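Please look over the model below. A short report on its fold and its chain contacts follows it.

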Amino acid sequence: MTGITIAGGTGPAGRGGTGRATKAPPLRPQNRQLAILLVLLLVAIPLPLILPSAQGAVAVRILIFLLMAVGWNIMSGFGGMFSFGHAAYFGLGAYTSAYLLVEHGVSPWIGMLAGMAVAAGVAVVIGYFAFRYKLQGAYFALATFAFAEMLRLIVTSTEFTNKAVGFSVPLIQGSSLWKIQFAADSPAYFWIALALAGLAGAASILFLHSRSGRYVTAIRDDELAAASLGTPVMRHKLMTVALSAAITAVAGAFYTQYYLFVNPDLAFGSSVSIQAIATVVIGGIGTVWGPVVGAIIVGSLSDVTATLLRTPPDFLNFLQGRSGLDVALYAILLILIVRLLPKGIVGTAMARWRR
Amino acid sequence: MTILNVTGVGKDFRGLRALSEVEFEVGQGEILGIIGPNGAGKTTLFNVICGALAPDTGRVLFAGRDVTGRSPDRIARAGMVRTFQLMRPFGSMSVLENVSLAAQHERQPARRLRERSLEVVERVGLGQWAHRPATELPTAGLKRLELARALAMRPKVLLLDEVLAGLVPAEREPVLDLLADLREQDGTTLLFIEHIMAAVMRLSDRVLVLDQGRVLAAGSAEEVTSDPRVIEAYLGEEPAGAEG
Amino acid sequence: MSARKLVAGLGACAVLLAGCGGSAPSGAAGAAAGRDHGPVKIGALHPVSGANAVDGQQMRRGAQLAVEAINAAGGIKSLGGRKVELAEGDTQGKAEVGQSEAQRLISEGAVGLVGTYQSAVSTNVAVVAERNRVPFVMDVTASDAIFAHGYRYAFRVQPGSEAISAAAAAYLKEVSEKAGKPVRKVAFLHEQTDFGSGAAEAFSKAAAKLGIQMGPNISYDAVTTSDLTAQITQVKASGANVLAVAGYYRDSLLAAKAINAVKPNLDAVWGVSNGAYDQPKFVTDAGALGERYFSTNYHYDAKNDQTTKLRADYQRRFGAPMRTGAVLAYDAVQVIAQAVDRAGGTDAEKVREAISASQVTPLAVGRGPIRFAANGDNRNALPVLMQIQGGQVKQVYPAEKAESQPNYSVTWRP
Amino acid sequence: MSNIGNQKGAALAPDAEAPGAASPRGKAPHPLRAALGGGGNAAILKRVAIIGGALVIAIAVALLKSGSGLVVWQSVVTGLLMGGLYGLIAMGLTLIFGVLDIVNFAHGALLAVAMFIAFGVVQGTGLHPYLTLLVAVPALFLIGGVVHRGLLSGTGGGSLENQLLITLGLSLLLENGLLMFFGAEPKTVTLPGDFQFGLFGAVVTGARLYAFVGALLLGALLFWLLRRTRFGTAIRAVAANGPGAELVGINVRRIHTLTFAIGTACAGAAAVLAAPLITVTPTLGEQFNITAFVVVVLGGMGNVGGALVGGLLIGLVEQLTTIYMDGQSSLLGVFVVFVVVLFLRPQGLFGRRA
């Protein structure tokens, strides 16, 4: 393209940008983030050997939260489609794998893949209607919530999902990677969860920097403008939703294998959706590392308060025997973070860093 | 050769007639100015042509194909691209990223995409801003960014909605030169909504006047400005060209 | 940290690399280390916080009283009087919290667990117990599904949901016939999850065998319902002469209000595993509405002097009447402690063997000493029929457990 | 339904030229535009006819399904009475939703707080339950004002997810606060001298009737406030166009706080009227919150009259669901209606298509 250009124009105020303008960053952000992810994974590998076994369980819980959070963040953070119903996908992942394992003896690995497919399929259907009818903001959130609740109610009263009883994973003798079953305090659970979380994290980074990810970011910023520049809006929104649901389904499937039991409330209850949201918002919505920070905080919080309450320091003694404190603390933390750090911990830190 | 053909287009907003029986044609490589008082339906017309709104009646033919009611993104990829009166940058991206988003429809290696995007950014004079967040741009810069994103699409037809509004006269000239050059060099067809009559007079081959959702007059700039109906429609309005 | 963990870790690593199979790196091995010295720990898992905190606290205190009684009587005799200690866990009423708490108690060296009040939580804890080979004696857990998995380490003191429903049907037939108003047709109103539907199903099955006609069978959502008038109207329209109700506290109270409003032509209101109709609190909240309601359920043995003494003790210490759940928790702790005594050690397998051969005299209603069937259920658990009479919950049937005669009638019909 | 909002609605129509018009459902359809009616008489009549027709068919099918006229009739009566209660609870929520654009998930928890206040006062002083209105309503008004000023106003409360999380956090905090201070044991508030009577065979209790009448009265009061007072005009102006209202000298932040406080006070009134009907527990809010949101969307957000009618409809839907689908939660029917309405008429049954 040659021809007339608009001459000059004023440069960015101060700190003359000429140098910055032409030089590319040394390492593409995608590669930098993948490198950081790899380092984090390597650091985490020996953790279960170091931590006492009670903390090992907390670490696994953190990883499950992380998987859910990464899934939710793709749709609602990167994509700006605020889902209040991710329990639907978590539950579909959990129930699909549990059903296949309990009723048909299918390996949970296959069950996990099946759960991802089912969750992605349902997400695409729900998404299609929600986008087709242009639901946005609070309306979109309420619609996703309604679908998750409908699934919970249907599962609760359907015979082949065992109604309200749910599924107990049959115990096997010994350990098996194929059946994802090990001794209760085996570090293998942690490593499998870590591997899954690492894959999910990598998927989320690669997605963000892909062509599709750029489209989705543009759609989030301004859907009409993006459409006017030829962005295939519906297709990329649905792809985002499907990826998000599939990753969340992995969390559900792994949850079932780790806890060996799932019922409608555990899988489809609104508290699951809330956990996914709270984790990301505390960490930093729409950031790559927000889910990690959020999961560490939210995942360990209830354990910290429980320990605190079991053997309270003197000044908290009056609280012993009172119920509800841990949730109240959690609620206060949530409110404080949202009020004081509206972009979440990572988001706010990054904004400071840039300045 | 006709590239855009609008026939019998009508659009209601809850009983409010925004467009009615709008008909016109635009030839390949033509520059069509669209003027009219506020609320005449100019932007609505753009929304209908580009698929952001489905018309209640009528059809839009682009390069001989019916695109009525098609989604905006398909129309844009087909080569008919618009800019917005109010600037709509992607706030979380840099200027360059804004532009490369529009340029990435063609499959190409990342390096090539980057070069091409930079070229477009340079062409509209935003080279020094390329890696700054789009939200930091001043108004004039945002206007150029709108233009740059549209250009990166390599449009066959470009619809510009008040691309000069908010620019001081000194900033207008280079934009006008660029637009003129677009047709010369790239053969782009232009439709532009404009309040600044001097620009309309200078650039357009033909002018379409809209009033209360209808086509009031169409013809060369001289013809329409001397049309008594047009003058009447503008009566009571501030003198044309003051500011849009 | 410790070499053992490293070895276990490497073992698991090898499993990961090699694919499937391999011998189990035992988690129980480490826990056993803590059992051999110090007091004998018994884990108590109850919902001490959350929506069921009142019952959870009751049960924890019940378990605590059992531990105190054992220690006061000289501890575990076969172990030279080693003291017993309660290791307490809070399930918060959540299944996954229950699981992690169970794991914690086991790793702290608990020889056995008691709990947990909620079926979903018990299901989860039973899995942990099974995998760690630690006996789990359930005090309150209604669901029978847990005992269908063939678990070796799961036991239960209370009569299960099915046993209660079957007894409720049998008692209904006997009591109504004795009163000269034989039951003709039973309408069943129940909440719609496993608890209520399971009770309704088991009741219908038992009723069919006894030649009792059933219908209609009406379910509702306990979480969201706030009016049951239409449902009771349906009962009235059906011509049934007995209404059986299986629900939780809140919704059963709503049902009582609706029954009072609609006044269907019933001979009796018949609670089955009902969460309200044998509770003193129900008598307070419902007042005259609840008078003469029947309820078949597990219950503390009001005719046992030892139970009466225990409950008086509880009332004195904690200022509240001791509920049945707390008595069952007391019984469950006794089961584990006496098994340790007979096993003569804390070895999990031996304790399990001793539990399965238990002969513990319960303070809750029973046919005799607590004895476990092969699947872990208490063979001598006995549901009892109670009725609200003059503002008090009385045991009325079977005769040997009766404090008072059943009055087979309702207040609003002559 | 009255349709006073007519001219106002037209005047507030967005400029057809504005790009915003390109995505009609983008931002929420405009609040309060259709408050207490909107659209022409003919359109309203047509809509009422459609809804009425659907109801008649639904009831007829229910009759076929259950085979007992008495049962269906009792269901309809119960549904309408319950529906009045839902409408009552949803009115405050719809006001907040409509004017402040806040999805207030703490509404149910605030309802619970008000019930505990009512319970506490009745327990402590032996006052007649309905007289606790004098305590609960002002208390909730204050709490609402404090919550808005302290937690929701200002930049931090800006985005949807932040508001949602703050109100969610608040509801968790309130619920668990109640749990810590009052314990989990269900409490009951009994209405002295409660009575009941038959209505063509269906049973109606006094407490339910009072709650129903209370809903109508509160609806009328809010109507009067919004339509006939200068304060109400200011609220509507802020709802329609905040910056515009600021230009004509309205203190938008103050109006927001007052609206939030009024909405919360409505929950207080609803709580007192509902307390004798249900068991008071710290978590009772959840049960009503979901239903209230459905009612708000059904009635059109910001539409107080719509909330009342929506409440009645949802009450009926609940009861009919239990007849249609045995063994299913009545909530399922409610959600099905909700999703259909969201998709087909996101502006609510009585709002106008934007």
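## Basis

This is a predicted model: local features need pLDDT of at least 70, side-chain atom pairs count only at pLDDT 80 or more, and totals for chains, interfaces and linings use all residues. Residues are numbered from 1 along each chain as its sequence is written, while chains are lettered from A and ligands numbered from 1 in the order in which they are written.

## Fold of chain C

Chain C has 13 helices and 12 strands. These are DSSP runs numbered from the N terminus: helices are H or I with at least four residues, strands E with at least two. The radius of gyration of chain C is 23 Å, close to the 22 Å from the globule rule for 414 residues, so chain C is as compact as a globular protein of that length. The radius is taken over C-alpha atoms; the rule is 2.2 Å times the number of residues to the power 0.38. The C-alpha trace of chain C spans about 75 × 50 × 35 Å along its principal axes.

Of the 414 residues of chain C, 63% are buried (20 or more other C-beta atoms within 10 Å of the residue's own, with C-beta atoms placed from the backbone).

## Contacts between chains

Two residues are in contact if their C-beta atoms, placed from the backbone, lie within 7 Å. Five pairs of chains are in contact, and chains A and D share the most contacts. Chain B and chain C do not touch; their nearest C-alpha atoms are 38 Å apart.

In chain C, 23 residues are in contact with 27 residues of chain D. On the chain C side, α3 (53–72), β7 (213–220), α8 (229–238) and α9 (249–262) each supply at least two residues.

Technical notes. Buried ≥ 20, exposed ≤ 12 C-beta atoms within 10 Å, placed from the backbone.
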